[in-house]
Amino acid sequence: MISLKLIGGAMILGVGVAAAILGARREKRKLAILDGWIDLISYIRNQIDLYLTPLDEILQKADAIGLSHPQKENPPCLSALFHATAWGLGEEEKRLIGEFVNEIGDGYREDQIRKCGYYLESLRALRTSRAAELSPRIRVMLALSICSSMGVAILLW
């Protein structure tokens, strides 16, 4: 009987540890999504500034950035990429990237470069604050998951 309780308690603790690890991975993936958008906007800005490349050609070459399109579309679409990654963005990031997706491709070269610069600046500031919050958030998530699983194991003992 005691061995079954020990096995059950170990299983509950294992689930708590697994939940903590998966939660930490999810938080890191959210930061990676924001990094991918920053890299993509920077890449778009450089391509427009240096080569006057149209947006469709830029997106076809942008798979190396870290954000891949949900489906292999011809041609790739920024709005599809935005909808595929929206789960990992905060409200302010969603608003900024949504505005960028709607505004990019309309206007002259100087306007496009200025818009990219504005969105890059704003997203980098948000990324800095999110990165500063990441480590404490992961620690709290780990502590809550493990402590709650230990509490459940103790209550069921």
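**View 1. The buried residues of helix H4 pack against helix H1 (2-51), helix H3 (78-85) and helix H5 (109-156).** Packing here means contact, with heavy atoms within 4.5 Å. The model is predicted: local features need pLDDT of at least 70, side-chain atom pairs count only at pLDDT 80 or more, and totals for chains, interfaces and linings use all residues. Residues are numbered from 1 along each chain as its sequence is written, and side-chain values use heavy atoms, leaving out hydrogens and water.

**View 2. A look at H4 itself.** Look here for Glu93, Leu96, Ile97, Gly98, Phe100 and Val101, the buried residues of H4 (buried: under 20% relative accessible area, 1.4 Å probe, protein chains only). An α-helix has 3.6 residues a turn, so residues three or four places apart point the same way. With 13 residues (91-103) at 1.5 Å a residue, H4 should span 18 Å, and its end C-alpha atoms are 18 Å apart, which agrees; the expected span is 1.5 Å times one less than the number of residues. After H4 comes Gly105, with a positive phi near 95°.

View 3. You will find five helices and zero strands (DSSP runs: H or I of at least four residues for helices, E of at least two for strands, numbered from the N terminus). The radius of gyration is 21 Å, well over the 15 Å that the globule rule gives for 157 residues, so the chain is more spread out than a compact globule. That radius is taken over C-alpha atoms, and the rule is 2.2 Å times the number of residues to the power 0.38. Of the 157 residues, 36% count as buried.

Terms used. Buried means under 20% relative accessible area, exposed over 50%, partly exposed in between (1.4 Å probe, protein chains only).
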